Amino acid sequence: MPVFVERASADRDSRVNPVLESALPRITPPPPIDSDKYEVIIAGSGPAGLMLSVCLAHYGIQSVLTVDKRPSTLKAGQADGIQPRTIEVLQSLDLAHEMLTQGCLLHEVAFWNPKTGGKGIERTAFVADVAVPSRYPHELTIHQGRIERILFQDLEKYGKKVQRGTDVVGFELKEDDKEWPVEVTLRDEQGDRKVRTKFLVGCDGAHSTVRKAMGLELEGDTTDHVWGVMDAVITSTFPDIRKRCAIHSSEGSIMIIPRERIPGGKVLTRVYCQMSSLENASKAESKAARNAITLERLTTQTAKALAPYTFSFSDVDWWAAYQIGQRTASAFSLADSNGVKRVHIAGDACHTHSPKAGQGMNVSMMDTYNLSFKLAHVLNGLAPPEILDTYESERLDIARQLIEFDTKFSSMFSGRIGEDSGLTHDEFVSVFRTGGGFTSGCGIEYGPGMLVDPQADVVKDGNRSLGLLWPGRRLMNVRTIRFADANPRNLQDDFASTGVYRILLMLPRSWRDQMNMQQVIQKYTSSIPDQFPRGAMETAIMYPGERGDIEWTDFPEAVRERNEWLLLGDAYGEAYTTFGVNEEVGAVAVVRPDGYVGMVGRVEETARVRAWLGGVLNAIPDGPQ
Ligand SMILES: Cc1cc2nc3c(=O)[nH]c(=O)nc-3n(C[C@H](O)[C@H](O)[C@H](O)COP(=O)(O)OP(=O)(O)OC[C@H]3O[C@@H](n4cnc5c(N)ncnc54)[C@H](O)[C@@H]3O)c2cc1C
């Protein structure tokens, strides 16, 4: 055995466990270690609350209390579908692996309709489940409880836990203490206790206590359609049982969602089945209709609608009866007397809708993903508190679009297809297809505001839904080759969710011949970042085509010193084409910490980029100009 003389740096902990590495810079003093004061209190640890807890942990926010009245993570039922944009976000947090390898990937949807001129049903189309470009061109299904467990285990890596069996029973804004103005009342088996926080986030579901204490209600309607849903092992002669299916039969509608394998090797399937339609029912009548649904009625109805194919089941994991309702709160945030948004609601606490478009859990997690970097930046003194206003302006708009889509989609799905109903198969498929940009999460576009530059015509020759570099749209994934080590990279992996802004400089083809380009690169690489707290932003530089004869010496020294890992070649020819950037002129973009494009400019517009960043990040006082 060889004999070594070993010497290692004394502090190796963060090498062994990178989560210990300091994340975002902090300008403000560290918070006190005090069991009665937390910088953020999160009510609820469903998908929305866990996503927020995980993101804050990744960004290095230590003083966070997450409470949940439930004793454990969800064991059965509720949501199961993860949309492509959510997978991208989970991947950016390094959380997608188990879901991708063990979940069920849905690439295709089968549409079935009443058989023309006969009894039973017939397949009328196969349609791609995800029609918009995405790094993950499919939906993914896996049980919500498992998703919660994955998020929860990630939280544990950061030494964090959810305080279970603890209920948020109310809050008051008490501005006697300007720094900790929110007093939250917690209740557990020991009784009530009051704690102070800078920010309270209600991720406490549809019956949200936080929302009610803000004086808000969910506004909207409940439809008259009653549905049943079950997760079970299904045996059937139906040929598409392992595909997502939208079935309109003369006996009512069904949706089939293939699911993951369960221990023992059997495979789960979720079945949504239309049970009854009421007319102008009162609350009591609606409740009675839901209560009247039994597992036997649900399975008998499913068998009828699937006929002539056989249907039997075993291993029922969960079943429920529900009525579709679309509701949203009129506001998502509450300000203190200084106008600082101190209390927020997210997820089901501020919007509910039908589950069949697979949106609930996704939109809930994306709400808090949007909020998390804004809270972290304000707490660390990196951004002005007005940045928190953009949570409501961006996410309320998305919630309204969701309600609009869901109302249309679910009423069409609950309706009959055929000559007498006025609804055609083509109309239904068309709503499914055109809604795909929204439902996949990939077509979401935040409107102009503090974090989305209104000047959106710098790069314009292309289709926004195909990945055009456009303020308010997420940065689409493209493959590149890293200059330093010739490694193939996915751009979204280089733009992971670490809480920082990124300048993406896409050089023009003739960058080495242009006199001013060295100075421009220098500005984006060091002069501009140096005006902000170190570590609050990074710069990625991309050149068109392959490396060819490019050498490190072609760049200012700062590129190698600071961006060795972020010098990328568009060797696959994907980036400039997808982003709609003309290789002859190039472009520059600033990408927000949540992966959405904040602004797009011409390469030489260094002053505009600096000014935009100055609006969203606090510059170092008396720092270099
Ligand atoms: C019966 C049912 C079936 C569903 N089926 C589907 C589906 O098939 N597909 C789909 O996409 N979506 C479905 N959904 C919706 C999906 O589950 C939700 O959209 C998603 O869970 C929302 O996440 P959330 O974190 O906002 O809220 P929730 O998941 O509801 O989590 C809220 C958490 O807050 C806790 N809590 C509540 N009040 C307090 C309090 N005062 N103090 C402390 N903790 C509190 C709760 O215990 C819970 O853990 C279903 C929902 C339900 C209820």
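This is a predicted model: local features need pLDDT of at least 70, side-chain atom pairs count only at pLDDT 80 or more; totals for chains, interfaces and linings use all residues.
P308 lies in the loop between α8, residues 295-306, and β16, residues 311-329.

Which residues have a positive phi without being glycine? Q78 is one of them, with phi near 60 degrees. You'll find Q78 in the loop between β2 (64-68) and β3 (81-82), and at 43% relative accessibility Q78 is partly exposed. D94 is another non-glycine residue with a positive phi, of about 65 degrees. D94 sits in the loop between α3 (84-92) and α4 (97-102). Its relative accessibility is 61%, so D94 counts as exposed.

Now to helix packing. Have a look at α2, residues 47-58, and α5, residues 144-157: they pack at an angle of about 25 degrees, and their axes are 9 Å apart. Angles under 35 degrees count as roughly parallel, and α2 and α5 are therefore roughly parallel to each other. The crossing of α2 past α5 is left-handed. Who meets whom here? From α2 we have P47, L50, M51, S53, V54, A57 and H58, and they meet Q144, E148, L151, F152, D154 and L155 of α5. Sorted by class, that contact has eight nonpolar, three polar and two charged residues.

Next, please turn to α17, residues 606-616. Which of its residues are buried? They are T606, V609, R610, W612, L613 and V616. Looking down the axis of α17, these buried residues fall within an arc of 165 degrees, so they line one face of the helix. A607 and A611, on the other side of α17, are exposed. And what does the buried set pack against? The partners are the strands β22 (501-506), β23 (537-544), β25 (587-591) and β26 (597-601), together with the helix α14 (517-527).

One last stop: G205, in the loop between β11 (191-202) and α6 (209-213). With a relative accessible area of 22%, G205 is partly exposed. Setting aside neighbours within four places in sequence, G205 is in contact with R211, D348 and A349. How far apart are G205 and T352, in sequence and in space? They are separated by 147 residues in sequence and by 9.2 Å in space, C-alpha to C-alpha.

Key:
Residues are numbered from 1 along each chain as its sequence is written. Side-chain values use heavy atoms; hydrogens and water are left out. Axes are lines fitted to C-alpha atoms, for helices over the stretch in contact, and angles run from 0 to 180 degrees between N-to-C directions. Helices (H or I, at least four residues) and strands (E, at least two) are DSSP runs, numbered from the N terminus. Angles under 35 degrees count as roughly parallel, over 145 as roughly antiparallel, 65 to 115 as roughly perpendicular and the rest as oblique. A crossing is left-handed if the near helix is turned anticlockwise from the far one by less than a right angle, and right-handed if clockwise. Contact means heavy atoms within 4.5 Å. Ala, Val, Leu, Ile, Met, Phe, Trp, Tyr, Cys and Pro count as nonpolar, Asp, Glu, Lys and Arg as charged, and the others, Gly among them, as polar. Buried means under 20% relative accessible area, exposed over 50%, partly exposed in between (1.4 Å probe, protein chains only). The arc is that of the directions from the helix axis to the C-beta atoms.
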